[in-house]
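Please keep the sequence and the 3D view at hand while reading.

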Amino acid sequence: MHVLVVEDDCVSAEILGSWLRHFGYEVTTADNGRDAFELVRTGRFRLVVSDWEMPGMSGVEICRQIRGRSWGSYIYVILVTSFEGVDNVVEGLNAGADDFLTKPLQPEELRMRLRAGERILSLESRDIIIFALAKLAESRDPQTGAHLERIREYCRALAEELSHWDKFRDVIDGEYVQLLYLTSPLHDIGKVGIPDRVLLKPGRFTPEEFEVMKRHTIIGGETLNAATQAHQGAEFLRMAYDIAMTHHERFDGSGYPRGLRGEEIPLCGRILALADVYDALTTERVYKPRFEHELARRLILEGRGQHFDPDIVEAFLRRESDFITISQRFDVALPAIEPANSLAPATPANLPGG
Amino acid sequence: MSFQPADQLADVFDMEDLLARCLGNFDFVQRVLNKFQERCDEDLAALEQAMVNADTELVARLAHRLKGASANASALRLREHAAAIEDAARRRALGAVPQRLGELRQEWDRFTAAVAQFEPPAIHAVSAS
Ligand SMILES: [Fe+2]
């Protein structure tokens with residue numbers, strides 16, 4: 001990664017530059033704010049380490065200028081001060097600085113702060129790309145509107161609820177909730193491998209078509225598994241794999257693709273199963289109208305212990321108001337749908353995804 | 001002992017600290033000291049001139065820059081003098097500055113002499129191996 005160092009003192013600049021090169025960064029230095037800002041405008045820098053006090057444009061001013069306009073991606077700014085004090089930190093934060101270092105600088109500290117910055121930048125890219133990927137897969141099946149946005153909110157509500165239970169306290173922590181929020185939109189990514197004639201068919205599936213449709217779980221799972229194996233540090237895709245693979249499994253073992261039952265089904269898969277069905281019930285689909293929350297609730301209760309893990313159903317009941325809020329928040333009007341040739345009675349049995 | 005030059009420098013600048021911050025690399029130490037010397041030669045002359053002109057703003061700014069550079073070169077006493085001058089200039093109390101400036105100049109001469117000696121056996125020993 002390429003770091004821009006802004007420092008009017010040539011000794012500091014020399015030390016900083018040598019450290020950063022030693023740490024493996026590419027370095028460009030500017031000795032004043034105006035040059036620095038011109039360099040930022042080239043879009044080549046996502047990490048900026050700037051001295052606070054400089055003649056002309058100060059580090060804080062550079063920071064303000066950077067935040068004052070939008071860039072292709074986030075620019076992480078670390079300000080270096082020669083004075084400590086809360087006032088300065090507050091002023092820096094208000095200007096949009098991400099972190100602070102106090103002189104005299106220590107190399108290890110600088111390295112740690114830069115690592116932290118890089119982590120944030122890479123997470124930003126990662127999260128955007130994951131969601132874009134999920135959206136791309138979904139774009140072939142445009143009837144579902146803001147399905148992915150809702151799904152991850154439902155999943156988060158359920159996971160947060162469960163995290164307070166003794167039974168799940170050790171399994172679900174803040175990171176689990178974050179990961180679930182991040183990766184749940186990938187559950188149907190395998191649909192990219194399903195032919196249009198099946199994926200976009202408005203009516204009921206023939207048994208053969210249903211078999212084809214079921215494959216979206218395995219296609220998605222295998223794709224994510226391959227990605228996990230090829231990239232160390234992509235462990236977060238492990239959960240995405242579990243989700244893609246098991247979100248159509250049912251608690252009583254009657255689901256697909258493998259007929260797992262009970263706790264054989266990863267927790268994230270069990271959570272997603274309920275969230276996915278609730279969303280299918282409460283939105284209009286080519287094969288069914290939109291159901292009110294009350295009806296959706298009843299159908300989910302009927303599936304307790306059969307389709308759904310009773311614990312997840314219980315969590316759903318305790319977070320019912322969250323579900324209602326979420327379903328309304330993303331309730332954008334869908335394009336008018338041609339009436340389907342036949343509407344099968346909608347029960348959880350043919351929901352969702354065929 | 002090959003470390004004697006570093007010992008002689010000890011009361012002028014903190015060699016150990018500088019070496020640590022230069023990641024244990026003597027070439028790097030040398031580069032930093034060279035940069036420091038170039039910059040301070042100029043700044044010190046400019047600072048004396050600014051005092052003659054009673055340009056408080058400029059005194060404060062130059063002293064500030066000298067302070068930062070000294071801290072980075074682990075020249076702690078230079079840093080103290082520069083800080084005192086900056087502080088006085090910011091308070092627009094230039095009265096005590098000439099004496100401080102004299103001390104700063106003396107300290108600077110000791111520093112450059114020490115660095116000149118520092119053409120060091122220690123460095124040759126390391127880089128010759
Ligand atoms: Fe699915």
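The points below concern a predicted model and take up its metal site, its aromatic pairs and its charges over rings.

1. The iron ion. Four residues coordinate the iron ion, namely A:D188 through OD and A:H216, A:H247 and A:H248 through NE2, at 2.0 to 2.3 Å. Along the chain, the donors are spaced as D-x27-H-x30-H-H.

2. Geometry of the site. The angles among the four donor atoms run from 83 to 169°, and the site of the iron ion is irregular. A tetrahedral assignment would require all angles to lie between 85 and 135 degrees.

3. A:H216 is buried because its relative accessibility is 0%. A:H247 is likewise buried, with a relative accessible area of 1%.

4. An aromatic pair in chain A. Over all chains, the count comes to 10 aromatic pairs. In one of them, the ring centres of A:F210 and A:Y256 lie 5.8 Å apart and the planes meet at 85°, so the pair is edge-to-face. Planes over 60 degrees apart count as edge-to-face. A:F210 counts as partly exposed, at 24% relative accessibility, while A:Y256 counts as buried, at 9%.

5. An aromatic pair in chain B. B:F36 and B:W108 have ring centres 5.7 Å apart and planes at 75°, so this pair is edge-to-face. B:F36 lies in helix α3 (residues 26-52) and B:W108 in helix α6 (residues 97-117), both of chain B, so the pair ties together parts that are 72 residues apart in sequence. Both B:F36 and B:W108 are buried.

6. A cluster of rings. Which residues do ring pairs link into a cluster? They are A:Y154, A:Y278, A:F316 and A:F323.

7. Charges over rings. The charged end of A:R152 is placed over the ring of A:F131, at 4.2 Å from its centre. A:K288 lies over the face of A:F291, with 4.6 Å to the ring centre.

How values were computed:
Residues numbered from 1 in each chain as written. Chains lettered and ligands numbered in written order. Predicted model: local features only at pLDDT ≥ 70, side-chain atom pairs only at ≥ 80, totals over all residues. Heavy atoms only, no water. Donors = N, O, S within 2.8 Å, 3.2 Å for Na, K, Ca; no water. Tetrahedral: all angles 85-135°; square planar, octahedral: opposite > 155°, others 65-115°. Buried < 20%, exposed > 50% of the residue type's maximum accessible area, 1.4 Å probe, protein only. Phe/Tyr/Trp six-rings, centres within 6.5 Å; stacked < 30°, edge-to-face > 60°. Helix = DSSP H or I, 4+ residues; strand = E, 2+ residues; numbered from the N terminus. Lys NZ or Arg CZ within 6 Å of the ring centre and 35° of its normal.
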